[in-house]
Amino acid sequence: MFTFLKCNKIKAMINTVKGEEIMKKLLIALMAISLIFGLASCKSTKQEDASETPVEQPQEPTDETVDDTTDESTDETDSFAEKNAKLMEQLSGSRDGAIKAGADKYYADQLSALDEQLKALKDKVADSNEDLSEEIEDLNYRYLALQKASETKQLKEKIEEHGFDQDNKIAYDAAEALLAELEKAINENASGKVQYKAAEATYAAYHTIFYSSFKKLADAERKSALEQKKAADNVKAGVAQKDRYKAITEVFQKGDNAYVTKNPEAAYDCYKEAKEKL
């Protein structure tokens, strides 16, 4: 028994060290990317800091997620069973989020492995009244990591499709290094929390590149569309033309709304559409 406990302790220590090494590498790469775009923003007072872009985060498992409404007189095993059931519901939602993000496309083998763990965990929860929150939350983090990793892959494809990977090669190479570390953490079975933090950092790196590059496109397209719009403002047209011009103005305004809400991709599409119709 002593040998078994000792081995588990050593394994836990090794996983902790691996996790710390991964997070150190992620932090260094993120600092490099932040510095690159921070210097770029100093060159133009018009360009907003890309780090301010909102990045939607999936819900992490927290103690607050499960409300402790159990009466003091309630048996402890019933309390654990209730807590496990609520955490399993959250876990199911995280799995759905991973699939929706394309995990079955980008990380099919890893998703299949997690599903096998989920199946075993469901059986364990059904047959036990023990506190299994630690196991459930770890698996939940793993699904969240796959979701974020899949969203990162989608972003990477868009970046390469538009040639943004060539806009700032240093930042893109740093993001690629982060992705490699993330996939290493997943394949080497790092803890769920380490995988999730690595996935968050990697997504943020690619998102910074995507946002910054698309914002430049939107800025240029808006300027071009605005010049044509000003020229059209001076034209006295008939009723039919005025109706058409009103529709174009609405598209332009829609682009401005997308721009101020930090969605440069949608803004670019609207400005382009307005310019083509003018």
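Before selecting anything, note that a residue is called buried when its relative accessible area is under 20%, exposed when that area is over 50%, and partly exposed in between, using a 1.4 Å probe and protein chains only. This is a predicted model, in which local features need a pLDDT of at least 70 and side-chain atom pairs count only at pLDDT 80 or more, while totals for chains, interfaces and linings use all residues. Residues are numbered from 1 along each chain as its sequence is written, and side-chain values use heavy atoms, with hydrogens and water left out.

**The whole chain**

Start with a cartoon view of the protein, which has nine helices and zero strands; helices here are DSSP runs of H or I with at least four residues, strands are runs of E with at least two, and both are numbered from the N terminus. Buried residues make up 37% of the 278 residues. Among contacts (heavy atoms within 4.5 Å) between residues at least 6 apart in sequence, 80% join residues at least 24 apart.

Next, colour by pLDDT, the predictor's confidence in each residue on a scale from 0 to 100; the average is 80, and 68% of the residues score at least 70. Where pLDDT is low, the predicted coordinates should not be read in detail.

**Helix 4**

Select helix 4, whose 20 residues reach 29 Å from the first C-alpha to the last, close to the 28 Å expected at 1.5 Å a residue; the expected span is 1.5 Å times one less than the number of residues. Show the side chains of Leu111, Leu114, Leu118, Leu121 and Val125, which are the buried residues of helix 4. They lie on the same side of helix 4, because they cover an arc of only 80 degrees around the axis, the arc being that of the directions from the helix axis to the C-beta atoms. On the face turned away from this buried side, find the exposed residues Asp109, Glu116, Lys119 and Asp127.

Of its 52 residues, Leu91, Ile136, Tyr143 and Leu146 touch the most other members. Helix 7 gives the most to this core, with eleven residues.

Centre on leucine 91 and, leaving out residues up to four places away in sequence, look for its contacts with Leu118, Leu121, Ile136, Leu139, Asn140 and Tyr143.

Then select asparagine 84, which is found in helix 2 (residues 76-100) and is buried, with a relative accessible area of 0%. Apart from neighbours within four places in sequence, asparagine 84 is in contact with Val125, Glu130, Asp131, Leu132, Ser133 and Ile136.

Finish at helix 9, where the buried residues are Pro264, Ala267, Tyr268, Cys270, Tyr271 and Ala274. These cover an arc of only 165 degrees around the axis, which puts them on the same side of helix 9.

Key. Core = buried A, V, L, I, M, F, W, Y, C linked by side-chain atoms within 4.5 Å.
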